[in-house]
Amino acid sequence: MQFNRDSLFYKSAAGTAKILGIRYFDSLYGEKNLKTDIPSVESPLEHQIRLASEEEIRDIAGIQGGDTLFRFEFAMRNGSSCYIARAGDKPAGFTWVNTRVMMMDMMKVIDVPPGGSFHFNSVVFPEFRRNKLFQSMIYFVYNDLKDKGYEFTGNFVDRDNIASIKAREHFNVLFQTARIGRLPGLPLFSIGRKFTPGATLENP
């Protein structure tokens, strides 16, 4: 049975559950085998991508606002690295990588298997969208991880985020269902069939 996620009932129920600390993530786990070809991307926007400095991380957290800096600090404490895209003197977007754990909502989902990596929290700022910058960042990160010897990289994406899914399809990413739940005081847990990190190495 599926609910209409735009319905008043669903939004009300989801809001109440969130207040109680109950979460349900209807996600997909996408994985790229870095041993296979990484299709190139041509962006009309002149930009550079590299690892972000601590000052740049604070700058983009300020642009995002809210609890972003708290989330960034959590990511760094857990071994994550931030890549920044710059267009001239302006930050245009960012994305994060972790080679130790896969995380969601600032909680550990699973350890990253040997040879793997986890790619998450990719954002392009509004004025730089529609320039293939999102795909350009993914392309850069895939190649950087490949050059560092990693065999695959995975990410979670909301199954309703069609734009993000299509952007990754360009790179022949393999998707698996990853429905994940959260109850107060308990670790995150899979609902239904568990996703399998590293599956692309067996089915390239």
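**Helix 2 and its surroundings**

Glu56, Ile57, Ile60 and Ala61 are the buried residues of helix 2. Viewed down the axis of helix 2, these buried residues fall within an arc of 140 degrees, so they line one face of the helix. The model is a predicted one, and its chain contains six helices and ten strands.

- The buried residues of helix 2 pack against strand 2, helix 3, strand 3 and strand 4.
- Glu55 and Gly62, on the other side of helix 2, are exposed.

**Helix 3**

- Thr68, Phe72, Phe74 and Ala75 are buried in helix 3.
- Seen down the axis of helix 3, its buried residues fall within an arc of 160 degrees, so one face of the helix is lined by them.
- Packing partners of these buried residues are helix 2 (54–64), strand 4, strand 5 (101–104), strand 6 (107–111) and strand 7.
- Gly79 follows helix 3 and has a positive phi, near 85 degrees.

- Eight strands form an open sheet in the order 2-3-4-7-8-1-9-10, and their pairing is mixed.
- Strand 2 (48–51) and strand 10 (189–190) stand at the edges with a single partner strand each, so one side of each has no neighbour in the sheet.
- Two bridges pair strand 9 (residues 174–182) with strand 10 in the antiparallel sense.
- In strand 10, Phe189 stands opposite Gly181.
- Helix 3 (residues 68–77) packs on the sheet, where it touches strand 4 (90–98) and strand 7 (116–124). The direction of helix 3 makes about 40 degrees with that of strand 4.
- Helix 4 also packs on the sheet, touching strand 1 (23–33), strand 2, strand 3 (81–87), strand 4, strand 7 and strand 8 (152–158). The direction of helix 4 makes about 155 degrees with that of strand 7.

**The hairpin of strands 5 and 6**

- Strand 5 and strand 6 run antiparallel and are joined by four bridges.
- The two strands form a hairpin with two residues between them, and Asp105 in the turn has a positive phi of about 55 degrees.
- Met103 stands opposite Lys108 in strand 6.
- From strand 5, Val101 and Met103 point one way, while Met102 and Met104 point the other way; all are buried.

**The nonpolar core**

- In soluble globular proteins, nonpolar side chains tend to be buried together.
- The largest nonpolar core of this chain has 52 residues. Those with the most contacts inside this core are Phe94, Trp96, Phe128, Phe156, Ile180 and Phe195.
- Helix 4 (residues 133–147) contributes seven residues, the largest share of this core.
- Beyond residues up to four places away in sequence, Trp96 touches Ile57, Phe72, Ala75, Met76, Ser80, Ser81, Cys82, Phe118, His119, Phe120 and Asn121. Among them, Ile57 is a buried residue of helix 2, and Phe72 and Ala75 are buried residues of helix 3.

**The chain as a whole**

- Of the 204 residues in the chain, 43% are buried.
- Among contacts between residues at least 6 apart in sequence, 70% join residues at least 24 apart.
- The accessible surface of the chain comes to about 11400 Å², and 52% of that surface belongs to carbon and sulfur atoms.

Technical notes
Residues are numbered from 1 along each chain as its sequence is written. This is a predicted model: local features need pLDDT of at least 70, side-chain atom pairs count only at pLDDT 80 or more; totals for chains, interfaces and linings use all residues. Side-chain values use heavy atoms; hydrogens and water are left out. A nonpolar core is a set of buried Ala, Val, Leu, Ile, Met, Phe, Trp, Tyr and Cys residues joined through side-chain atoms within 4.5 Å. Buried means under 20% relative accessible area, exposed over 50%, partly exposed in between (1.4 Å probe, protein chains only). Contact means heavy atoms within 4.5 Å. Two strands pair if DSSP finds at least two bridges between them. Axes are lines fitted to C-alpha atoms, for helices over the stretch in contact, and angles run from 0 to 180 degrees between N-to-C directions. The arc is that of the directions from the helix axis to the C-beta atoms. Accessible areas come from the Shrake-Rupley method with a 1.4 Å probe; for residues, only the protein chains shown count as cover.
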